Amino acid sequence: MLKEYSQLLERAKNDLSGTKKFLKSPLLQRIPGFYKIVHEIHAEVFSHVDCTKCGNCCRALGPRVNETDIKRIAPLFRMKPTAFVSAYLRVDEDDDFVFQQMPCPFLGDDNICSVYDERPKACRDYPHTGDKNIQSKLHLLATNTTYCPAAVLIVDELKKRFG
């Protein structure tokens with residue numbers, strides 16, 4: 001992981017309570033067009049962040065893998081969906097499919113995802129700052145700052161504008 005990214009994550013961990021407090025602010029719930037603002041910040045941040053220099057989410061967070069994901073990914077391995085589930089997934093406490101173990105079995109040593117074009121929806125959406133319902137997911141954004149340098153930078157920009 002890039003040293004710069006490690007430093008961002010360390011700073012975020014040290015300020016997690018402040019970030020949670022900021023993101024719970026009623027002010028953020030009332031900003032007209034908040035989704036569009038966050039989406040613009042998301043696009044700007046991800047134009048500078050190289051996820052392959054980090055890969056922390058793929059090493060530490062187990063995404064939910066839905067039936068559509070399974071049907072899309074299984075053929076890449078010439079497997080039937082049931083065989084794919086048996087080989088790679090387990091059911092978690094929320095009754096969702098997740099990877100049997102982390103890091104993600106499809107993450108290479110070079111931080112490149114071997115199923116990137118067909119990756120699970122949860123991976124596509126992470127850190128969920130492009131979601132139209134972002135205001136209802138700000139608690140997740142706070143947690144994601146401890147895993148994702150881009151999430152830290154997005155929150156930093158939100159704090160600059162609205163803090």
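**Conventions.** Helices (H or I, at least four residues) and strands (E, at least two) are DSSP runs, numbered from the N terminus. The views show a predicted model, in which local features need pLDDT of at least 70 and side-chain atom pairs count only at pLDDT 80 or more, while totals for chains, interfaces and linings use all residues. Residues are numbered from 1 along each chain as its sequence is written, and side-chain values use heavy atoms, with hydrogens and water left out.

View A. D69 counts as buried because its relative accessibility is 1%; buried means under 20% relative accessible area, exposed over 50%, and partly exposed in between (1.4 Å probe, protein chains only). A polar atom of the D69 side chain lies 3.0 Å from the backbone nitrogen of K121. When neighbours within four places in sequence are left aside, D69 is in contact with R64, R119, P120 and K121, contact being defined as heavy atoms within 4.5 Å.

**View B. Crossing of helix α1 (residues 3-14) and helix α10 (residues 149-162).** The axes of α1 and α10 come within 9 Å and cross at roughly 60 degrees, which makes α1 oblique to α10. Axes are lines fitted to C-alpha atoms, for helices over the stretch in contact, and angles run from 0 to 180 degrees between N-to-C directions. Angles under 35 degrees count as roughly parallel, over 145 as roughly antiparallel, 65 to 115 as roughly perpendicular and the rest as oblique. The crossing of α1 past α10 is left-handed; this term applies if the near helix is turned anticlockwise from the far one by less than a right angle, and right-handed applies if clockwise. On the α1 side, Y5, L8, L9, R11 and A12 meet P149, V152, L153 and D156 of α10. The residues of this contact comprise seven nonpolar, no polar and two charged. In this classification, Ala, Val, Leu, Ile, Met, Phe, Trp, Tyr, Cys and Pro are nonpolar, Asp, Glu, Lys and Arg are charged, and the others, Gly among them, are polar.

**View C. Crossing of helix α4 (residues 34-46) and α10.** The axes of α4 and α10 come within 9 Å and cross at roughly 130 degrees, which makes α4 oblique to α10. Here α4 passes α10 in a right-handed crossing. From α4, the residues F34, I37, V38, I41, H42, V45 and F46 meet A150, L153, I154, E157, L158, R161 and F162 in α10. By class, this contact has 11 nonpolar, one polar and two charged residues.

**View D. T129 in the loop between α8 and α9.** T129 has 0% relative accessibility and therefore counts as buried. Its side chain makes a polar contact with the side chain of H42 at 2.5 Å. A polar contact is a pair of N or O atoms within 3.5 Å; within protein, one must be able to donate a hydrogen and the other to accept it, and residues adjacent in sequence count only if both atoms are side-chain atoms. Not counting residues up to four places away in sequence, T129 touches V38, H39, H42, I134, L141 and I154.

**View E. T19 in helix α2 (residues 16-23).** T19 counts as buried because its relative accessibility is 4%. T19 and V155 are 136 residues apart in sequence, yet their C-alpha atoms are 7.8 Å apart in space. V155 is also among the residues that T19 touches, together with A142, T145 and K159, with residues up to four places away in sequence not counted.

**View F. Backbone features in the loops.** Most residues other than glycine have a negative phi, and most peptide bonds are trans. A cis peptide bond joins M102 and P103, with omega about 5 degrees; P103 lies in the loop between β2 (97-99) and α8 (121-125). A cis peptide bond also joins Y126 and P127, with omega about 5 degrees, and P127 is placed in the loop between α8 and α9 (138-144). D95, although not a glycine, has a positive phi of about 70 degrees. This residue lies in the loop between β1 (89-91) and β2, and D95 counts as exposed at 65% relative accessibility. N111, a residue other than glycine, has a positive phi near 65 degrees. N111 is found in the loop between β2 and α8 and is buried, with a relative accessible area of 16%.

**View G. D109 in the loop between β2 and α8.** D109 counts as exposed, at 89% relative accessibility. D109 and S136 are 27 residues apart in sequence and 35 Å apart in space, C-alpha to C-alpha.
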